[in-house]
Amino acid sequence: MNTIEVCLTPDLIHQHALKGKLVVVVDIFRATSCIVTGLASGVEAIKPVAEIDECKALGKEGFIMAGERGGVKVDGFDMGNSPFEYQSEELKGKKVAISTTNGSQAIIKSVEADEIIIGAFLNMDAVTQHILQKKKDVVIHCAGWKGTPNLEDTLFAGALIDECAEEMKPVGDSALVAHHLFIANHENVLGLALQSSHAERLKGFGIEEDLEFCMEESKYNVVPKLVDGELVF
């Protein structure tokens, strides 16, 4: 039976052996939700980068510049970090460079894995089917918030573990914590997520609609995968 682990924050990823494994990167509020939405809406590819300057350099090459710091759109960028921006008709067939506070870092720190895919509640069913078909050990890499765990990513990890429970074995206390958190709150996942500290931060920007959208389950049947530094499906 294959195993499934949870890394609660990129600051702990060094404790997980990634070689030979499949990593599911998750940043519910809002980077991975944006990535899933963008690729499902016709964006050609999304390139995650760590630094703002890298994103700006790609902008000069024709990429759409997207991203935030502390929840606020980076000055001079074309887009911020709202999934609704990624549904724009103007983005179809275009490439986007994205740099965010947490999500981009988690993707970049996962590069030793055999495969990196992007997870969100928005593509839960598709991610579940993908990892079960691959029959590899899995690490769910939660982006967290500036090196600390967060509630919404941990909830997603628990939900994904629950979806795979009959065919994969959770390993480590982080996986057990995530699973039990989800089980205890499975009837009110949205309500709990909206109580998270990151949700409270983002509510201050008046984007409650974004948060509720990010918690919709299995809206899209896409599994973004990192190929040659770009996320495609």
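The model is predicted: local features need pLDDT of at least 70, side-chain atom pairs count only at pLDDT 80 or more, and totals for chains, interfaces and linings use all residues. Residues are numbered from 1 along each chain as its sequence is written, and side-chain values use heavy atoms, with hydrogens and water left out.

**Nonpolar cores**
- A nonpolar core is a set of buried Ala, Val, Leu, Ile, Met, Phe, Trp, Tyr and Cys residues joined through side-chain atoms within 4.5 Å; buried means under 20% relative accessible area with a 1.4 Å probe, protein chains only.
- The largest nonpolar core has 71 residues, and Ile-131 and Ile-140 have the most contacts inside it.
- H5 supplies the largest share of this core, six residues.
- A second, separate core of eight residues includes Leu-58, Phe-63, Val-74 and Ala-97.
- Contacts of Ile-131 (heavy atoms within 4.5 Å), leaving aside residues up to four places away in sequence, include Leu-22, Val-24, Leu-160 and Met-168.

**Helix H5**
- Helices are DSSP runs (H or I, at least four residues), numbered from the N terminus.
- Because ten of its 13 residues are buried, H5 is largely enclosed by the rest of the structure.
- Among the buried residues of H5 are Glu-152, Asp-153, Phe-156 and Leu-160.

Definitions and conventions:
Buried < 20%, exposed > 50% of the residue type's maximum accessible area, 1.4 Å probe, protein only. Helix = DSSP H or I, 4+ residues; strand = E, 2+ residues; numbered from the N terminus.
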